[in-house]
Amino acid sequence: MSTMDCNAFWNQLEQWMEGERSSDARAHLRGCPNCRSALTDLDAIRQSASSMGDADVAPPDRIWISLRAQLEEEGLIHADRHGWADTVKGWFEEIFAVVPRPALAGAYLVALIAVGLALAAPSYRRSDGAQIPTRPLTAQLNTDEEHAISFVTDSDPAVAASLRKNLAIVDNYIALCEKSVQEEPENEIARDYLYGAYLQKADLLAQMTERGETR
Amino acid sequence: MSSQPSLRTQHYWRASAILVPGLLLMCASPARADRIEKHFKVGAHPVVTIHNPTGLVTVRAWTKSEVMVVAKRATDRVDVDAEQIENRVDIDTRQIPDNASPGDLRADLEISVPEDAELQIHNDSGGVNVSNVLGDMNVETIAADVALEDAAGYLTVKTVDGAFVCTRCSGRIEASSISGNFRFIDLRSSHVRAQTSEGNILFNGEFLPNGTYELKNYNGIIEVRFSPTDSFDLSATSLKGKVNNEAKLGPSSHHHHFLPRFGNALFGSLNTGRAKVDLSSFDGTINILKRD
């Protein structure tokens, strides 16, 4: 019988993902289907994103749906939110080091989904309703996005304008889809569209970054 | 004796007024346009890769076992490399000095290839036109429009906001864009998968038995034209928009659909439902209309 509860398990997630698996954590996982399922999804994100360097891999559609629902319902990342956020950040920082566009898109995708999750999950909100900033992920993503946009400023003006215009279009759809998902969390169609919009943005940012690197 | 100049003198003055500034302009410009032509002998199923960031790319099939590249450069600040490696021909447009303006980097390419050639084309702005090529094709653009005619291979087209028109294509088609419009005209393809965020999608073609047709957007209009003799199983869903249908659909023949709790959805079969048609939009309108 494990003495570890869900919060304690998620507090040591980073060690778990790096292979340091205590007997208490293993015992908790055996007895907790929610943690087991959420962990499977996080692992799938990491593996899908990593393998994008080899082929156009579509991460499982259900990732967004199940992750968000589970984290919302269970509040699994209560106590040490930055530990979890830092772990995910670490994953995509590793992938950002890989140059090919599919891998880069994978890294952006992981970052976008992670930020989307972090911003949407109620466990990131304080009891007074104010939102707790998800600094590591959001800051990292913003920096990378600015970096990608800066690459296109030297391009053909028509091309640069097109890329900026379409980034704004995708951002708008992400906002609309996030709103739909927040209003109707069980709406799977809206979640699929949100996931698709994340994919498009990830691919667009990767294209912008690639352009800068090849100039 | 008339003091007015003769007609011939007037003609010379007029011609000079036109020609002299033009000649001066051509001489003064250090970077004037020119034409490059190259020929490569190839075997069966050659691969042709084309990288031309700015300018028009026109590819036509011909009966010769040869690839011919005709490049028209806007200036000498852009160079067009074309080289052959075994059965592959690489055509690459690149700028010579770093400080060239975008207009200086334009090169229009006219390429003739055997009809079984495989094409890989990258073009940011300008346009891509391909006709009568039956090999596989991968086209990527940013703002450039793409037009394929009488193509038959595995066709993948990806644009950011370039439009895509596919006329009389019969291959397997996969197209994606953010704000480009798609038009599929007189198609005879058994697999079409097209997604654009803010663009419209028009499908006016045959629904082949066992074919799959998946059209998706976020906003805009998805329009599918059918004839009463077509046979397909239809699923059409718009989460926030409308679904308008002129087809007399019966109960779905092969698939058991459950009406979603959200959005506007329509399911059913036309005739025996031999093809599968899946239309979906986030807040756009879906029109299923009779062909004229």
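## Confidence in the model

The predictor assigns the complex an ipTM of 0.79 and a pTM of 0.73. For chain B the average pLDDT is 87, and 85% of the residues score at least 70.

One stretch of chain B calls for caution. Over residues 22-32 of chain B, pLDDT stays under 50, and the model has six contacts beyond four places in sequence for this stretch. Where pLDDT is low, the predicted coordinates should not be read in detail.

## Chain A: a helical chain

Chain A contains ten helices and zero strands. Of its 215 residues, 41% count as buried.

Helix H9 of chain A covers residues 157-183, which makes 27 residues. From its first C-alpha to its last, H9(A) reaches 39 Å, close to the 39 Å expected at 1.5 Å a residue. The buried residues of H9(A) include Val159(A), Leu163(A), Leu167(A), Val170(A), Tyr173(A) and Val181(A). Ser162(A), Asn166(A) and Ser180(A) are also among the buried residues of this helix.

Glu178(A) is found in helix H9 of chain A as well. Is Glu178(A) buried or partly exposed? Glu178(A) counts as partly exposed because it has 18 C-beta neighbours inside 10 Å, whereas a buried residue would need 20 or more. Glu178(A) and Tyr195(A) are 17 residues apart in sequence, and their C-alpha atoms are 9.8 Å apart in space.

## Chain B: the open sheet

Chain B holds an open sheet of twelve strands with mixed pairing, in the order E1-E4-E7-E3-E9-E11-E13-E15-E17-E19-E24-E21. Strand E1 (34-41) and strand E21 (243-245) of chain B are the edge strands, and each pairs on one side only. From one strand to the next, the twist averages 10°.

Strand E9 (residues 125-131) and strand E11 (residues 146-149) of chain B are parallel and pair over four bridges. In this pair, Ser131(B) lies opposite Glu149(B) of E11(B).

Strand E16 (residues 191-196) of chain B runs parallel to strand E14 (residues 172-177) of chain B, and six bridges join them. Here Ser177(B) has Thr196(B) in E16(B) as its bridge partner. E16(B) is also joined by six bridges to strand E18 (residues 212-217) of chain B, again in parallel. His191(B) stands opposite Thr212(B) in E18(B).

## Two loop residues with positive phi

Which residue has a phi near 50°? That residue is His45(B), and the value is positive in a residue other than glycine. His45(B) belongs to the loop between E1 and strand E2 (47-51) of chain B. It is exposed, because 12 other C-beta atoms lie within 10 Å.

Asn132(B) is not a glycine either, yet its phi is positive, at about 65°. Asn132(B) lies in the loop between E9 and strand E10 (137-141) of chain B. With 16 C-beta neighbours inside 10 Å, Asn132(B) is therefore partly exposed.

## Where the chains meet

How many residues of chain B are in contact with chain A? There are 19 such residues, and they touch 18 residues of chain A. On the side of chain B that touches chain A, ten residues are nonpolar, six are polar and three are charged.

Note on methods: Residues are numbered from 1 along each chain as its sequence is written. Chains are lettered from A and ligands numbered from 1 in the order in which they are written. This is a predicted model: local features need pLDDT of at least 70, side-chain atom pairs count only at pLDDT 80 or more; totals for chains, interfaces and linings use all residues. Two strands pair if DSSP finds at least two bridges between them. Axes are lines fitted to C-alpha atoms, for helices over the stretch in contact, and angles run from 0 to 180 degrees between N-to-C directions. Two residues are in contact if their C-beta atoms, placed from the backbone, lie within 7 Å. Ala, Val, Leu, Ile, Met, Phe, Trp, Tyr, Cys and Pro count as nonpolar, Asp, Glu, Lys and Arg as charged, and the others, Gly among them, as polar. The expected span of a helix is 1.5 Å times one less than its number of residues. pLDDT is the predictor's confidence in each residue, from 0 to 100.
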